[in-house]
Amino acid sequence: MTTLLDHKTALGFLAYFGYPSPRTSAFQVTRPRKAERRKGKSTRNVFLCYICGAAGSGKTSLLKEFVGRKFGETYQPTKKMTSVVNSVDIEGSEKYLVLQEFGSKYEAETLKNSKKTDIADVIAYVYDSSDTNSFSYISNLRQQYSHSLDHIPTLFIATKSDLDLAQQRHEVQPDVYCRKLGLAVPVAVSVKTGQMADVFHAMCGIAMKPNSAIPGGADRALSPAARLRSYIKMLSLVGGFSITGFLVYRTWTRPGGWKGGWWTWLVGGLWR
Ligand SMILES: Nc1nc2c(ncn2[C@@H]2O[C@H](COP(=O)(O)OP(=O)(O)OP(=O)(O)O)[C@@H](O)[C@H]2O)c(=O)[nH]1
Ligand SMILES: [Mg+2]
């Protein structure tokens, strides 16, 4: 976790423990997340997931559950950034997942900064399914900071599923909102009753295959230049096929047909 969040400190630790130079050889350097998203597959073993949502929606309870701490009924608002790490078994291989909660004072500030959001593998938006105002907090947040959030793989989590489900005060209900973005519907969990619906697996799954969870489609993960390149590639492909088709057709319908060398269909397509 320290290496992922603050590699300079990790290098300092290695020096302190007497790790021989070059100390950077202890690190496995991964490709930038944007480049991996373009390929649609991540080669990392350690993932960073931001946990965001309204005050009291159950973020800290999720973090505590992840590291096996007991559920507490008393509400203690988070004042400063908190990070936890644990391993997750994905089809026999061990991945590490780091969950971060910012504290309500710093959350919006972090999410509007694309330098900060770009280092997240997943953003999980948490809302309290028993609180009518909880979902509109995250939809406002996503609307306000769409420039830094729209290309990050996303997961919605509905917490406190042990309590009565409340109709959200929002123009569309969460399921419809997610479907409109081409995302999976919110994962319903209850830390209190231990019904976690494999949500930590889901986070790792999204981190490993990020393209399936980009709001509004995988295209969003590309930079404008990369998007232009992919359009040009597609156009030239379509153009190439049409020209070849045209030449074949012209040769086919020409009096001599296919007789002659390979060049007949090329030249014959143009002159006859
Ligand atoms: N019934 C029930 N209560 C829950 C559940 N998860 C969390 N809570 C309660 O909800 C309250 C707030 O939980 P926290 O996890 O501290 O919420 P938070 O989102 O971290 O809050 P902030 O740090 O202030 O943003 C606490 O009193 C928890 O006991 C749940 O699954 N079921
Ligand atoms: Mg908290």
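Y125, Y127, F135, F156 and Y177 form one aromatic cluster in this predicted model, where rings of Phe, Tyr and Trp (its six-membered ring) are taken to pair if their centres lie within 6.5 Å. Across the whole structure, a search finds eight aromatic pairs. In the pair of F135 and Y177, the ring centres are 5.1 Å apart and the planes stand at 85 degrees, an edge-to-face arrangement (planes over 60 degrees apart count as edge-to-face, under 30 as stacked and the rest as tilted). Because F135 belongs to helix α7 (residues 134-144) and Y177 to helix α9 (residues 174-180), the pair ties together parts that are 42 residues apart in sequence. F135 and Y177 are both buried, that is, under 20% relative accessible area with a 1.4 Å probe and protein chains only.

The strands, like the helices, are DSSP runs numbered from the N terminus, with at least two residues (E) for a strand and at least four (H or I) for a helix. Six of them make an open sheet with mixed pairing in the order β2-β3-β1-β4-β5-β6, two strands being paired if DSSP finds at least two bridges between them. Since β2 (82-90) and β6 (187-188) stand at the edges with a single partner strand each, one side of each is left without a neighbour in the sheet. Strand β1 (residues 46-53) pairs with β3 (residues 93-101) in the parallel sense over five bridges, and V46 stands opposite Y96 in β3.

Residues are numbered from 1 along each chain as its sequence is written, and chains are lettered from A and ligands numbered from 1 in the order in which they are written. Local features need pLDDT of at least 70, side-chain atom pairs count only at pLDDT 80 or more, totals for chains, interfaces and linings use all residues, and side-chain values use heavy atoms, with hydrogens and water left out.

Key:
Buried < 20%, exposed > 50% of the residue type's maximum accessible area, 1.4 Å probe, protein only.
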